[in-house]
Amino acid sequence: MTILCVRFQLPSTDEAALPALLGLLEEFTPVVEALPPDGALADLRGAERYFGRSAVELASVIRVRALALHGVDCVIGAGPGPMSARVALRGARPGVTCAVPEGGVREFLADKPVVALPGVGTATARTLCEYGLDTLGRVASAPLSTLQRLVGAKAGRELHDKANGVDRGRVVPNAVSRSLATERPFTRDELDPDRHRRALLSAAGELGARLRAMEKVCRTLTLTVRYADLPHSRTGSSGGTPTATTRSRTLGEPTAHSAALTRTAYGLYEALGLQRARVRAIALRAEALGPADQASHQLTFDPVDEKVRRIEEVADRVRAKFGPGAVKPGTLAA
């Protein structure tokens, strides 16, 4: 067990906490890969030898330090590789590290649903389940040719290898990319999907306007939906355990285009499949920011898209002259 996958239980409003927590991990190993908005991978091969402790024992120390120094709890999965550590994280809970048994990666994965495997999305999982391949054990036992026929040659081989416990991934040290976030709280627990979508439209419009003002583009968009069992901000009362769902998606190309951000936000929302969910707030975060002048843009012959982009330019000039409130965010992102 050499790799830890850590997810810090950060408050939804705390954007600056992750870099400090990554610094905590770097006290044990320099090989730390940030997984925004709230996670990281850490390769502890050198740390195990240096400290004379196993990765699971070091995970307990990391948990205590995160609580003592930052007031943040965390859940941790441990495995021989990044993939198995990520899968183990799904079975972890605060105070208990979920570790893959030594030499037993395939057996550990066997009874897991196919969606537990990193990189397997809803569409791929649906295709596999239609053919009875609903667990990783069944995927591992399926002929390689069958998997390649179902999901493609490259994806089929990768899926077959991972289901059999073969993990060629590695932890790549990186830094947390600067991000922008905005939140749309509801005055009361909101059931109406149309109101959810209007909140997404407004949030994406604001992010696009802020990115363009900074001359930045983003590569990743993250949606967080907070549900009605979170504590009420005014009363401090709670209806149960705090619950939120977070999903991220890498954009087809780096962008600050409000319409593109809105489409991605809608896609993330629809993929959640919320049914009569009582939503308290919706937040969007633009991540992996980069200079706009260094980003490539796919040419399009869509006159509607070009018209929207020209309107955005005019609206941005109006905001620059009369202030951010001169044009309501989201009105141009539909």
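The structure is a predicted model, in which local features need pLDDT of at least 70, side-chain atom pairs count only at pLDDT 80 or more, and totals for chains, interfaces and linings use all residues. Residues are numbered from 1 along each chain as its sequence is written, and side-chain values use heavy atoms, with hydrogens and water left out.

**Exercise 1. The whole protein**

Solution. 
- Step 1: Contact means heavy atoms within 4.5 Å.

**Exercise 2. Helix 1 against helix 3**

Work out how helix 1 and helix 3 are oriented and which residues meet.

Solution. 
- Step 1: Two packed helices are described by the angle between their axes and the distance between the axes.
- Step 2: For helix 1 (residues 17-26) and helix 3 (residues 55-70), the axes cross at roughly 140° and come within 11 Å. Axes are lines fitted to C-alpha atoms, for helices over the stretch in contact, and angles run from 0 to 180 degrees between N-to-C directions.
- Step 3: The two helices are therefore oblique to each other; angles under 35 degrees count as roughly parallel, over 145 as roughly antiparallel, 65 to 115 as roughly perpendicular and the rest as oblique.
- Step 4: Helix 1 and helix 3 cross in a right-handed sense. A crossing is left-handed if the near helix is turned anticlockwise from the far one by less than a right angle, and right-handed if clockwise.
- Step 5: Helix 1 brings Ala20, Leu21, Leu24 and Leu25 to the contact, and helix 3 brings Ile62, Arg65, Ala66 and His70.
- Step 6: By class, this contact of helix 1 with helix 3 has six nonpolar, one polar and one charged residues. Ala, Val, Leu, Ile, Met, Phe, Trp, Tyr, Cys and Pro count as nonpolar, Asp, Glu, Lys and Arg as charged, and the others, Gly among them, as polar.

**Exercise 3. Helix 8 and its two partners**

Repeat the analysis for helix 8 with helix 6 and with helix 9.

Solution. 
- Step 1: Helix 6 (residues 122-130) packs on helix 8 (residues 144-151) at about 130°, with the axes 10 Å apart. This makes helix 6 oblique to helix 8, and their crossing is right-handed.
- Step 2: Thr124, Thr127 and Leu128 of helix 6 make the contact with Leu147, Leu150 and Val151 of helix 8. The contact has four nonpolar, two polar and no charged residues.
- Step 3: Helix 8 and helix 9 (residues 153-163) pack at about 130°, with axes 7 Å apart. This makes helix 8 oblique to helix 9, and the crossing is right-handed.
- Step 4: From helix 8, Leu144, Leu147, Gln148 and Val151 meet Ala153, Ala155, Gly156, Arg157, Leu159 and His160 of helix 9. These divide into six nonpolar, three polar and one charged.

**Exercise 4. Arg63 and Cys74**

Find the surroundings of Arg63 and Cys74.

Solution. 
- Step 1: Arg63 lies in helix 3 and is buried, with a relative accessible area of 7%.
- Step 2: Beyond its neighbours within four places in sequence, Arg63 is in contact with Asp73, Cys74, Ile76, Gly95, Val96 and Thr97.
- Step 3: Cys74 belongs to strand 4 (residues 74-79) and is buried at 0% relative accessibility.
- Step 4: Not counting residues up to four places away in sequence, Cys74 touches Val6, Arg7, Phe8, Gln9, Arg63, Pro94 and Gly95. The C-alpha atoms of Cys74 and Val6 are separated by 6.7 Å, although 68 residues apart along the chain.

**Exercise 5. Positive phi**

Locate Glu215 and Ala288, and give the phi of each.

Solution. 
- Step 1: Glu215 sits in the loop between helix 10 (193-214) and strand 7 (216-227), is exposed at 59% relative accessibility, and has phi near 60°, a positive value in a residue other than glycine.
- Step 2: Ala288 lies in strand 9 (residues 279-291), with a positive phi near 55°.

Technical notes
Helix = DSSP H or I, 4+ residues; strand = E, 2+ residues; numbered from the N terminus. Buried < 20%, exposed > 50% of the residue type's maximum accessible area, 1.4 Å probe, protein only.
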